Amino acid sequence: MNHQIVRLKEAAKKLGVSPATMWRRLKNDETFPRLVRIGPAPRSAIGFYQHELEEYLSKSTQQREIKKNKGADK
């Protein structure tokens, strides 16, 4: 398992969204990966585990494909 940490801006690029959208998803999407603090201080850098981002992206893609295929059946 890859425990590499990806910073917020890089994670946003990987998902193809803005950093503001990342914050909205953190607040509103229970399936979105949780933040990881990089250091002990309350104001330390933050990021995401790369494997969690990849899993989220994979599940999102699968769900989009399922919806797309259901729409094609109509």
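In the classification used here, Ala, Val, Leu, Ile, Met, Phe, Trp, Tyr, Cys and Pro count as nonpolar, Asp, Glu, Lys and Arg as charged, and the others, Gly among them, as polar. The structure is a predicted model, in which local features need pLDDT of at least 70 and side-chain atom pairs count only at pLDDT 80 or more, while totals for chains, interfaces and linings use all residues. Residues are numbered from 1 along each chain as its sequence is written, and side-chain values use heavy atoms, with hydrogens and water left out.

The protein chain contains three helices and three strands, where helices (H or I, at least four residues) and strands (E, at least two) are DSSP runs numbered from the N terminus. Their order from the N terminus is β-α-α-β-β-α. The C-alpha trace spans about 55 × 25 × 20 Å along its principal axes. Of the 74 residues, 27% are buried, a term that denotes under 20% relative accessible area, as against over 50% for exposed and values in between for partly exposed (1.4 Å probe, protein chains only).

Rolling a probe the size of a water molecule over the atoms shows where empty space is left. A pocket is an open set of points on a 1 Å grid over the protein atoms alone where a 1.4 Å probe fits, with protein on both sides within 12 Å along at least five of seven lines; lining residues have an atom within 4 Å of a point. The largest pocket holds about 290 Å³ of space, the volume being that filled by probe spheres set on grid points joined across faces, edges and corners. Its lining divides into four nonpolar, three polar and five charged residues. Helix H3 (residues 50–73) supplies the largest share, eight residues. Arg25, Pro33 and Tyr56 are among the lining residues.

Two of these lining residues may be described further. Pro33 lies in the loop between helix H2 (19–28) and strand E2 (36–38), and counts as buried because its relative accessible area is 6%. Setting aside residues up to four places away in sequence, Pro33 is in contact (heavy atoms within 4.5 Å) with Leu26, Phe48, Glu52, Leu53 and Tyr56. Pro33 and Leu53 are 20 residues apart in sequence, with 6.4 Å between their C-alpha atoms.

Arg25 is located in helix H2 and, with a relative accessibility of 28%, is partly exposed.
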